[in-house]
Amino acid sequence: KHATMMFAYACLSAARNPALGDFAPKLYDDAFRMLNLVYPYATLANPLLYKGNPRFCTQYTNSSSEESVGPILSGTATWLSLCIVSFSGLLLEKEGFRLAPLLPKEWGEYRLTVHLQGSVYQINYRKKAGEKALNVDSLMVDGQLLESNALIPFFHDGKIHHLLLNLA
């Protein structure tokens with residue numbers, strides 16, 4: 001599973017590269033196909049057949065042999081976390097961050113809460129389910145419309161900030 005997650009992360013990273021042309025969509029599809037195989041809840045698709053339990057990291061849960069031992073945190077969990085940050089589009093910079101998500105086609109809405117620099121950012125992503133939405137159509141931060149590629153500052157105020165991101 002480590003290699004699968006490393007591959008998914010590499011695919012997500014490369015899928016943003018416009019120089020790859022027609023190859024970028026293949027990388028996008030491969031990343032989410034592999035993530036769907038490794039997500040901890042995958043064994044719940046048929047729990048009587050696959051067994052396992054829905055821990056954050058199921059690196060040591062072998063669905064075929066019913067082996068179910070191991071830590072909740074491991075390299076697989078770390079790579080999964082990196083994949084989540086990547087497809088969420090969190091691009092950290094010195095004074096703030098930008099959002100350039102690559103969400104799965106089947107998702108219509110996605111919510112993420114991030115704690116950065118002493119403040120909380122509740123991000124609500126919206127797009128049309130069943131479609132790839134690779135462009136930010138509109139971005140609102142605390143009710144204020146910003147440029148779609150704007151730098152969202154680290155507010156350093158300890159408050160909760162609400163972001164609404166519409167994708168097209």
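His 161 is buried, with a relative accessible area of 5%, where buried denotes under 20% relative accessible area, exposed over 50% and partly exposed in between (1.4 Å probe, protein chains only). The structure is a predicted model, in which local features need pLDDT of at least 70, side-chain atom pairs count only at pLDDT 80 or more, and totals for chains, interfaces and linings use all residues. Residues are numbered from 1 along each chain as its sequence is written, and side-chain values use heavy atoms, with hydrogens and water left out.

His 161 belongs to strand S10 (residues 160-167); helices (H or I, at least four residues) and strands (E, at least two) are DSSP runs numbered from the N terminus. Its side chain makes a polar contact with the side chain of Asp 157 (2.9 Å). Such a contact is a pair of N or O atoms within 3.5 Å; within protein, one must be able to donate a hydrogen and the other to accept it, and residues adjacent in sequence count only if both atoms are side-chain atoms. Beyond four places in sequence, His 161 is in contact (heavy atoms within 4.5 Å) with residues including Ser 119, Tyr 121 and Phe 155.

The largest nonpolar core has 37 residues, and Leu 35, Phe 97 and Leu 99 have the most contacts inside it. A nonpolar core is a set of buried Ala, Val, Leu, Ile, Met, Phe, Trp, Tyr and Cys residues joined through side-chain atoms within 4.5 Å. Among the elements that give two or more residues to this core are helix H1 (2-15), helix H2 (23-38), helix H4 (75-88) and S10. H2 provides the largest share, seven residues. Leu 99, leaving out residues up to four places away in sequence, touches Ile 123, Val 136 and Leu 163, among others.

In helix H4 lies Phe 87, which counts as buried at 2% relative accessibility. Phe 87 and Tyr 9 are 78 residues apart in sequence, and their C-alpha atoms are 8.9 Å apart in space. Leu 12, Phe 32 and Leu 35 are among the residues in contact with Phe 87 when neighbours within four places in sequence are set aside.

The buried residues of H1 are Thr 4, Met 5, Ala 8, Cys 11, Leu 12 and Ala 15. Viewed down the axis of H1, these residues fall within an arc of 120° and so line one face of the helix; the arc is that of the directions from the helix axis to the C-beta atoms.
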